[in-house]
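Good morning, everyone, and thank you for making the time. Please take a look at the sequence and the structure before I walk you through a few places in them.

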Amino acid sequence: MDRTPTVEDVALVAGVSRQTVSNVLNAPDVVRPATRERVTQAIAQLGYRQNAAARRLRTRRSSTIGIHLDPYAGGVSGVVLDRFVHALTERSSERGMRMLVYAARTPEEELARLADLTEAGEVDAVVVTGTFHGDPRTGWLVERGIPFVSFGRPWGADDVSAPAHLWVDVDGAAGTRAATERALQTAGPRVAFLGWPQGSGTGDDRERGWREAGGGGPRPVTEESVPGARAVVEQALTEHLDAVVCASDSLAIGAHMAAVAAGRPELPIFGFDNTPAAEALGLSSVEQLPEQVAIGALELLMGPSGTSISPRPAVPGGAHVLVEPRLVLR
């Protein structure tokens with residue numbers, strides 16, 4: 001075409017009404033899949049691009065999703081969330097949405113920021129990260145009927161069959177289970193698990209995978225600290241260990257330092273997150289695949305191919321997406 005294609009052009013090529021094209025663009029769930037596919041193909045064929053400013057005025061929506069930017073913590077942590085935010089921004093742009101990143105140092109400060117953003121109509125939905133037991137943010141959003149999805153489980157009594165809200169997460173137990181099974185097959189029966197103190201939902205989930213695989217070794221405990229990990233593993237190495245599976249790459253680095261100091265640099269150690277630091281040291285690690293988490297979050301909020309926020313769970317069969325991690329061996 002020698003001019004910019006319009007909604008009418010798309011309707012003509014797809015053999016549908018102008019209203020049907022509008023529904024596909026703004027409320028795809030109300031359109032039959034076969035019709036939606038015809039309209040989508042016509043949009044791609046013509047190179048049609050919706051005027052974002054006009055759409056926001058017409059729908060009274062911002063076409064924006066808010067996400068919290070975690071404070072910089074240093075060390076090797078934060079890489080996964082950085083990749084997640086980047087992937088979410090890229091994927092949402094493909095759907096005609098924008099990401100608004102906001103900062104807050106505490107959950108209470110984040111609630112105040114969320115109140116400002118939602119009351120001003122600056123965001124249509126929110127992505128919550130780093131969920132925990134009794135998280136006040138998710139309850140606040142549910143009470144106000146604000147569309148949101150969390151990267152992290154609700155950590156309730158039944159997160160799978162009857163979740164409190166939409167969520168997407170990495171199957172941490174599957175990751176540590178795979179690492180433990182690999183260690184048992186290739187190293188020996190005494191596989192330790194180096195994790196955080198109990199009570200952390202994420203940490204407890206990762207420990208569960210090790211237990212289910214039958215690690216057979218000790219369970220040293222430390223906070224998220226390379227020196228702390230080194231100290232407890234040095235103590236654990238006074239007894240025989242065949243391998244160590246860790247709840248994070250930071251802990252794996254500390255465990256590796258302890259093994260080297262004990263004259264056992266070949267001791268198999270498995271981290272979690274597959275950070276550049278683990279790669280540089282040649283440590284095997286479980287990769288979370290945050291790009292797949294981003295895809296799952298958007299599907300929950302917008303449907304498989306939607307271009308607006310869905311008013312209800314859009315993924316058939318449930319209100320959650322559980323991403324299978326992969327074990328990277330080195």
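Let me begin with a convention: helices (H or I, at least four residues) and strands (E, at least two) are DSSP runs, and they are numbered from the N terminus. What you see is a predicted model, in which local features need pLDDT of at least 70 and side-chain atom pairs count only at pLDDT 80 or more, while totals for chains, interfaces and linings use all residues. Residues are numbered from 1 along each chain as its sequence is written, and side-chain values use heavy atoms, with hydrogens and water left out.

Is Ala-297 buried or exposed? Ala-297 has a relative accessible area of 0% and is therefore buried, where buried means under 20% relative accessible area, exposed over 50% and partly exposed in between, with a 1.4 Å probe and protein chains only. If we leave out residues up to four places away in sequence, Ala-297 touches Leu-88, Val-149 and Val-168, contact meaning heavy atoms within 4.5 Å. Ala-297 and Phe-148 are 149 residues apart in sequence, and yet from C-alpha to C-alpha they are 9.1 Å apart in space.

Next come the aromatic rings. Rings of Phe, Tyr and Trp (its six-membered ring) pair if their centres lie within 6.5 Å, and planes under 30 degrees apart count as stacked, over 60 as edge-to-face and the rest as tilted. By this rule, the count is two aromatic pairs. One of them is formed by Phe-84 and Phe-151, whose ring centres are 4.7 Å apart with planes at 55 degrees, so this pair is tilted. The pair links distant parts of the chain, since Phe-84 sits in helix H5 (residues 79–94) and Phe-151 in strand E4 (residues 148–151), 67 residues apart. Phe-84 is buried with a relative accessible area of 0%, and Phe-151, at 8% relative accessibility, counts as buried too.

Finally, let us turn to helix H1 (residues 7–14), in which Val-7, Asp-9, Val-10, Ala-11 and Ala-14 are buried. What covers these buried residues of H1? The cover includes helix H2 (18–26) and helix H3 (33–46). After H1 comes Gly-15, whose phi is positive, near 70 degrees.
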